[in-house]
Amino acid sequence: MKKILFAIFMFSCISLFARAQETMEYFLPKDVVYDKNIPTPEEFFGQKIGEWHLNYEQILSYFHEINRLSGRAIIQEYARSYENRPLVHMIFTSQENQKKLEELKNLHNSFSEVNSNLNADDVPLVVTLGYGVHGNESSATNSSVLTIYYLAAANSDKIDRLLNHTIILVDPCLNPDGFTRHSTWANMHQSYVPVGKSESRQFNEVWPGGRTNHYWFDLNRDYLLQVHPESRGRVAKFYEWKPNIVTDHHEMGANSTFFFQPGVPSRNNPLTPEKNYELTHEIAGYHAQFLDKIGSPYFSEEQYDDYYFGKGSSYPDVNGSVGILFEQAGFRGRTRNTINGKKTLAFAIRNQFTVTLSTLEAALNLKNELLRFQKECNVEAFGLAGKDAVKAYLFGDENDQMKTQLFIDLLNRHQIKVYTNQKDIIKEGVLFKANQSFVVPVKQIQYRLLKSIFGKATTFTDSTFYDVSTWTFPFAYDIPYAEITALKDIQQSSAEIYSETPEGKIVGGKSNLAYLFRWNDFYTPEALYTIQKAGLITKVATKSFTFDIEGKKENFTYGTILIPVSGQRLDENQIYSLVTRVAKKTGVDFYGMDTGLSPEGIDLGSGNFDVLKRPEVLMLVAGSTRSSDAGEIWHMFDQRFKIPICLTETGDLRSVNLSQYTTLIMPGGSYYELGNSDVQKIKSWVQDGGTLIAYKNAVSWASKNEIGKTKFKNNIENDTTLNFSYADRSKEYNIHSISGIILNTEMDITHPLCYGYTRNNLAFFKTGASVAETLDKKYTEPVKYTSEPYVSGYVSEKNIERIKNAPVVSVQSVGRGNLISFYENMTFRGFWLGTNKMFMNGVFFGDIIQ
């Protein structure tokens, strides 16, 4: 009897498990015949789709197998992730088209040129299918194997027409590093018997989760910023192929249904062509039709928007393409209990694949209309530019040529034409020197995108933003720029220019006395650390001085770095060789000194040169810390400046010997997990001479635990006199929110935290409504918002009043050490370069602040 009961129990379990899985018939259209020589994903992987999360290596292996077996497909690698995983496109078209793929690509690109008169009937449409930019939105990437199987194996007249007239680029995983973290987590916690309860560990990834890339960045914000290799490779491919449709497959909350664009109509970017919205609406009808067939509920024109051009579904829109955001309810595991019933990974995968099919159907039926729209966008760009009062933008910073070149590189990546300015021009009190400044005419195909990059956003139809409300790049790079309203005012080079990497030099040649370098250039932190790592004594000037070098008067100011030759562990030949290498690599100019006697200001032996320690930096991560803050800081140290930073979990702090570190960084977070012993350990370390950098809301933790005395202003309460309708009541809560704005500050550039800045004003990027109270103590707040701080982005008048003259950065003595508080983001999304130096000043000069 026991054996019979056990058999019944096992049969029930197996039946339950089987019901959670679906065969290929569940996913695939039945109106086509499939090539038996192409293995289905189920056959290839030896498991049903949705049974386990596929890992990235499995997916790549299937792509390579399809590449081997199908004459319709070819695979191309376009980038490598930070963890060295290949990112690929699989390009599908008919076998005949594959033989002349390069010719067809050129034909497609030629059609959209302004003066082209090609017939649309003869031109192929290009579609890019992009899956899974967020690594833990797994149904997207898992559905890609169904897409390539269908495109490789399906046979019908409709498939023939699709492949004859369309080139389809399938990108299986836009974030392989994050996807690998998530698939590993999901599989390692999957039970044989499905468990769908939300409290199951499988649905709650450990910090930082799988959403982000290696440095914990959201790659779906990086199309415009171009910080990471995944985005750089993908945007380069975008311009190589100029697709007419780009899909962007995501997941949202488990209790949702399915979303497809358009988003909220009042939250569209005004630079996006109106025709784009019309086409998005028309294509939406296809998604509805296909989802209706399989009985999947959906919604549209809610929640999401197309305002920020840095996302995968909005970047195409400003480039004459149609980007389409899909949001599937995310179940994370194999089975999940939701308010809509028990849902499976297989169900989510089928929905993602279904809207892939609807997109391809729309592409085939709207082919010529989509092609003409792309061309019309290019033609319209010249017309819009002609009506614009601004005829060009002028920019450049002679004090930091590296940062200027980085900005030119960004513009090059976005196909924006840049020219050299060939005469001195004074605009808005700024001298733009000939051959050291640059011109971007607005009359070019990328008119809309360059207006987005250079323009300020000051008028809005809605106060709700899914993302930031502004992103004016010259402020991000801290580069002077000006609007030019008459082309006769400028003289530009005849040929467009491309970014170059400046190489530094040794002015004055080899020295047996000392070398100097200014702290202005972007890569000076890398230069200084490299020299310190070699064991050399370095000093920083706290006063100004001049020297005559090679017949020219050279002015040196606060923050100038001094490297004495005598008394070092290297001899003068080795030091010269080292500084030569560093100058070449970083673009920083060094000055070889033949005397220590300055004609003006301090001499090289002055006590106003402070000896510097080589930074040893520890940053707390995990626990309650914000992974985005920590990741941005880690990326800045590791990728920008090549400076090591030790990442330690908050829970492990008690076992760390803090005395070996000069600097402790606490990124944004509540730090509720730190106990009294942890607090006392940090406090004692600071009092003994350490530099604690508290970032954003970590400042509140420090103040609460009597490390510093920072207080914050009260947030603005909702205006109860406003009378929205019940349906629009959420607008009341968004009026005083700050999604992302640009504000102006004033600095004391003689303060160590402001060394290397040559202008008194600096633009900061602010997210969140938190505003610090002034400490009302001299020399503690070297950076404050100005009395008229507003520059760009949506912010209420009441918030502006709170922000006026408020501190942005503060320094407070704690025993023999310092608490440095950065109230705002100093390296927002890795692209707000203008404030990077201030953060690094805290690292290098924190212990010399008195």
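Mentor: Two strands pair if DSSP finds at least two bridges between them. The model discussed here is predicted.

Trainee: Which residue in β9 is the bridge partner of His250?

Mentor: Strand β7 covers residues 245–252 and pairs with β9 in the parallel sense, over eight bridges. One of the residues of interest is His250, and its bridge partner in β9 is Glu327.

Trainee: Which are the edge strands of the open sheet?

Mentor: Seven strands form this sheet, with mixed pairing, in the order β2-β3-β6-β4-β7-β9-β8. An edge strand here pairs on one side only, and that holds for β2 and β8.

Trainee: What angle does the direction of α11 make with that of β9?

Mentor: Helix α11 packs on the sheet, where it touches β7, β8 and β9. Its direction and that of β9 make an angle of about 35°.

Trainee: Is Ser313 buried or exposed?

Mentor: Ser313 lies in the loop between α11 (274–294) and β9 (322–329). Leaving out residues up to four places away in sequence, Ser313 touches Asp248, Gln261, Asp306, Gly323, Ile324 and Leu325. Buried means under 20% relative accessible area. Ser313 has 2% relative accessibility, so it counts as buried.

Trainee: At the start of α4, which residue has a side-chain oxygen within 3.1 Å of the backbone nitrogen of Glu57?

Mentor: Helix α4 spans residues 56–69. Its buried residues include Tyr56, Ile59 and Leu60, and among the elements covering them are α3 (41–45) and β2 (73–80). At the start of α4, the side-chain oxygen that reaches to the backbone nitrogen of Glu57 belongs to Asn55.

Conventions
Residues are numbered from 1 along each chain as its sequence is written. This is a predicted model: local features need pLDDT of at least 70, side-chain atom pairs count only at pLDDT 80 or more; totals for chains, interfaces and linings use all residues. Side-chain values use heavy atoms; hydrogens and water are left out. Helices (H or I, at least four residues) and strands (E, at least two) are DSSP runs, numbered from the N terminus. The expected span of a helix is 1.5 Å times one less than its number of residues. Buried means under 20% relative accessible area, exposed over 50%, partly exposed in between (1.4 Å probe, protein chains only). Contact means heavy atoms within 4.5 Å. A polar contact is a pair of N or O atoms within 3.5 Å; within protein, one must be able to donate a hydrogen and the other to accept it, and residues adjacent in sequence count only if both atoms are side-chain atoms. Axes are lines fitted to C-alpha atoms, for helices over the stretch in contact, and angles run from 0 to 180 degrees between N-to-C directions.
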